[in-house]
Amino acid sequence: MESFKKATISLYFLLVLFGFSESSRSILPHPQSQPQPHQSFKINNTQNARSCSYTVTIKTSCASPVYTRDQISIAFGDAYGNQVYIPRIDNPSSRAFERCSTDKYDLNGPCTYPICYVYLYRRGYDGWVVDKVTIYSYSSRRSVTYNYKAMIPNDVWFGFNFCSGYHQAVGSTAAM
């Protein structure tokens, strides 16, 4: 009977520990992953009754040009088709995306399940090298970090998509 109590307490401790870590952990892409161009990426107009808040931080690499005047857009979302799209996240007058800088944006958009993709789009002639993008979702209390460490090519969506198979891994956990 004593060993049953110890096993029950151990199991309870593990469940509490797992539940706590699940609510605050980051969903991190594999560190060896490289961003890829996505020629056929489409922006969708997710219709969602709820609006959620996100904090996006973008760290510009020290290998980037001193500044960029290029148009920068971002799109991120989940495996269920929910997407947040910001057509112009850049603002040259605010000194955004200068070399070695970190820019923070508080955004609102459709609510998502765990974010499993992010794409950046650049249009212009200056160039821009991104170190990493971190997205924090207030509705799920989770963050995800994508390590770009790459120059964003001109006139193409460029980033990461780890949604393949995610829908099956999430299963039927539709409620957030």
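**Cavity**

For a cavity I used a 1 Å grid over the protein atoms alone and took a set of points where a 1.4 Å probe fits but cannot get out; lining residues have an atom within 4 Å of a point. Rolling a probe the size of a water molecule over the atoms shows where empty space is left.

I noted about 60 Å³ of space in the largest cavity, a volume being the space filled by probe spheres set on the points, with grid points joined across faces, edges and corners. The structure has one cavity of 30 Å³ or more.

I then sorted the lining residues by type and found six nonpolar, four polar and one charged. Here Ala, Val, Leu, Ile, Met, Phe, Trp, Tyr, Cys and Pro count as nonpolar, Asp, Glu, Lys and Arg as charged, and the others, Gly among them, as polar. Which strands each supply at least two residues of this lining? They are β7 (129-137) and β8 (142-151), and β8 gives the largest share, three residues.

**Ground rules**

I number residues from 1 along each chain as its sequence is written. For this predicted model, local features need pLDDT of at least 70 and side-chain atom pairs count only at pLDDT 80 or more, while totals for chains, interfaces and linings use all residues; side-chain values use heavy atoms, with hydrogens and water left out.

**Chain overview**

I counted two helices and nine strands in the chain, in the order α-β-β-β-β-β-β-β-β-β-α along the sequence. These are DSSP runs numbered from the N terminus, helices being H or I of at least four residues and strands E of at least two.

Of the 176 residues in the chain, 43% are buried. I take buried as under 20% relative accessible area, exposed as over 50%, and partly exposed as in between (1.4 Å probe, protein chains only). The chain exposes about 10,300 Å², and carbon and sulfur atoms supply 56% of that area; the areas come from the Shrake-Rupley method with a 1.4 Å probe, and for residues only the protein chains shown count as cover.

I also checked contacts (heavy atoms within 4.5 Å). Among those between residues at least 6 apart in sequence, 77% join residues at least 24 apart.

**Cores**

In soluble globular proteins, nonpolar side chains tend to be buried together. I define a nonpolar core as a set of buried Ala, Val, Leu, Ile, Met, Phe, Trp, Tyr and Cys residues joined through side-chain atoms within 4.5 Å.

The largest nonpolar core has 29 residues, and Ile 58, Ile 74, Phe 76, Val 118, Val 133, Ile 135 and Tyr 148 touch the most other members. Two or more residues come to this core from each of β2 (51-60), β3 (71-77), β4 (83-86), β5 (102-110), β6 (117-123), β7, β8 and β9 (157-161). Apart from this core I found another, of eight residues, including Phe 41, Cys 116, Tyr 121 and Cys 163.

I listed what Val 133 touches, leaving out residues up to four places away in sequence: Val 56, Thr 57, Ile 58, Ile 74, Val 118, Leu 120, Val 144, Thr 145, Tyr 146 and Tyr 148.

**Positive phi**

Phe 97 is not a glycine, yet its phi is positive, about 65°. Phe 97 sits in the loop between β4 and β5. Is Phe 97 buried or exposed? Phe 97 counts as buried because its relative accessibility is 1%.

Asp 155 is in the loop between β8 and β9 and is partly exposed at 44% relative accessibility.

**Other positions**

Pro 153 lies in the loop between β8 and β9 and is partly exposed, with a relative accessible area of 27%. Beyond its neighbours within four places in sequence, Pro 153 is in contact with Arg 122 and Phe 158. I read 7.7 Å between the C-alpha atoms of Pro 153 and Gly 127, which are 26 residues apart along the chain.

Asp 106 is in strand β5 and is exposed, with a relative accessible area of 60%. Asp 106 touches Tyr 54, Thr 55 and Tyr 138, not counting residues up to four places away in sequence.

Note on methods:
On a 1 Å grid over the protein atoms alone, a cavity is a set of points where a 1.4 Å probe fits but cannot get out, and a pocket is an open set with protein on both sides within 12 Å along at least five of seven lines; lining residues have an atom within 4 Å of a point.
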